[in-house]
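Here is a friendly walk through one protein model, from a cluster of rings to the overall build. Have the viewer open and follow along.

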Amino acid sequence: MKIGVSGASGQLGSGVVADLLRRGGHDVVAISRTPENAPAGAEGRFGDYNDPQSLAKAYAGLDRLLIIPTSDLGRGRRGAQNVAAIDAAVESAVKHVVFMSAAGTRKEEDPAVGASYWQGEQRLIATAPAWSILRMNYYAEALAQEAQMSLETGALTGLAENRVAFVSREDVAAAAAGLLTTEGHEGAIYNATGPDRLSGAERAAVVAEITGKPMGFVTVTEEQLRGGMAQMGLPEDVVSTVASIQRNFAEGAFDIVAGDVERLSGRAPKPLRDVLAAALA
């Protein structure tokens with residue numbers, strides 16, 4: 001079976017490719033704008049989400065394909081890219097298309113961060129001959145970065161107290177590889193989550209324990225959140241994305257624990273503490 005990973009040069013994509021190669025037994029195609037960087041054992045193909053013709057060529061002959069959305073924050077661009085990639089997969093007669101989405105995806109409009117995932121999911125369901133969706137929770141590694149930047153202030157912030165089942169990027173990659181290499185997933189929507197739902201206060205306490213420095217959790221208004229990021233000189237696209245993610249936190253979009261990582265990968269997901277300890281120790 002020939003399995004393609006679209007977005008293979010990113011951190012998640014490269015992790016999926018590595019896991020597929022470790023499992024063996026399949027031809028692996030790494031699709032990106034830098035195919036020359038494909039790892040040994042994988043076929044590199046050029047594919048650019050902003051060049052649909054390149055995608056159709058890159059997806060030719062694939063039995064299964066994982067589409068990983070880009071990190072493009074420009075309004076409307078990522079949704080258009082997702083639709084273009086799915087259309088190219090259908091045009092190229094890919095037998096089974098897997099789309100990487102986000103927990104809590106629902107109908108939203110740009111600039112909400114979830115709008116592009118909803119657009120991709122809808123296109124996939126409506127057009128692909130066989131499909132699966134893997135909705136991932138928020139990266140534990142992203143929280144580690146936030147915690148590192150918050151050590152001086154001694155506070156993590158949010159729009160409201162909330163619970164999130166943070167998941168490691170490695171576990172998402174393993175779940176995706178398992179989905180791509182096993183049977184019985186047509187029409188399934190899975191959730192890649194960590195093993196625990198941690199509140200803001202609980203994750204602040206974990207950071208404090210690991211670093212030995214005081215850390216709390218403080219709720220702020222969206223106006224305060226946006227103002228603080230603007231003072232840091234962050235561009236508006238970034239500010240809007242972070243604000244949208246924090247609204248999702250507050251609304252409970254990531255407050256879900258599922259057993260799908262273990263079901264798909266064959267191993268239990270890492271606790272948040274383990275990821276934070278490795279990053280912050």
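A residue counts as buried under 20% relative accessible area, as exposed over 50%, and as partly exposed in between. Tyr138 has a relative accessible area of 22%, so Tyr138 is partly exposed. Please keep in mind that this is a predicted model.

**The aromatic rings**

How many aromatic pairs does a search of the whole structure find? The search gives five. In one of them, Tyr138 meets Phe249 with ring centres 5.0 Å apart and planes at 90°, so this pair is edge-to-face.

Ring pairs join Tyr138, Phe166, Phe249 and Phe254 into a cluster.

Here is how three of these residues compare in relative accessible area:

| Residue | Relative accessible area | Class |
|---|---|---|
| Tyr138 | 22% | partly exposed |
| Phe249 | 4% | buried |
| Phe254 | 6% | buried |

**A look at Leu264**

Let us move on to helix H10 (residues 260–265), where Leu264 lies. Is Leu264 buried or exposed? Its relative accessible area is 6%, so Leu264 is buried. Beyond its neighbours within four places in sequence, Leu264 is in contact with Arg23, Leu134, Ala175, Gly178, Leu179, His185 and Tyr190. Val172 is 92 residues from Leu264 in sequence, while their C-alpha atoms are 9.8 Å apart in space.

**The whole protein**

Stepping back, the protein has eleven helices and eleven strands. Its C-alpha trace spans about 55 × 35 × 35 Å along the principal axes. For 281 residues, a compact globule would have a radius of gyration near 19 Å, and the protein agrees with this at 19 Å. Buried residues make up 51% of the 281 residues. Among contacts with a separation of 6 or more, 75% are between residues 24 or more positions apart.

As for the surface, the accessible area comes to about 12,300 Å², and carbon and sulfur atoms account for 50% of it. The protein carries 26 positive and 34 negative charges, whose mean positions are 2 Å apart.

Definitions and conventions: Residues are numbered from 1 along each chain as its sequence is written. This is a predicted model: local features need pLDDT of at least 70, side-chain atom pairs count only at pLDDT 80 or more; totals for chains, interfaces and linings use all residues. Side-chain values use heavy atoms; hydrogens and water are left out. Helices (H or I, at least four residues) and strands (E, at least two) are DSSP runs, numbered from the N terminus. Buried means under 20% relative accessible area, exposed over 50%, partly exposed in between (1.4 Å probe, protein chains only). Contact means heavy atoms within 4.5 Å. The radius of gyration is taken over C-alpha atoms; the globule rule is 2.2 Å times the number of residues to the power 0.38. Accessible areas come from the Shrake-Rupley method with a 1.4 Å probe; for residues, only the protein chains shown count as cover. Lys and Arg count as positive and Asp and Glu as negative; His and the chain ends are not counted. The place of a charge is taken as NZ of Lys, CZ of Arg, CG of Asp or CD of Glu. Rings of Phe, Tyr and Trp (its six-membered ring) pair if their centres lie within 6.5 Å; planes under 30 degrees apart count as stacked, over 60 as edge-to-face and the rest as tilted.
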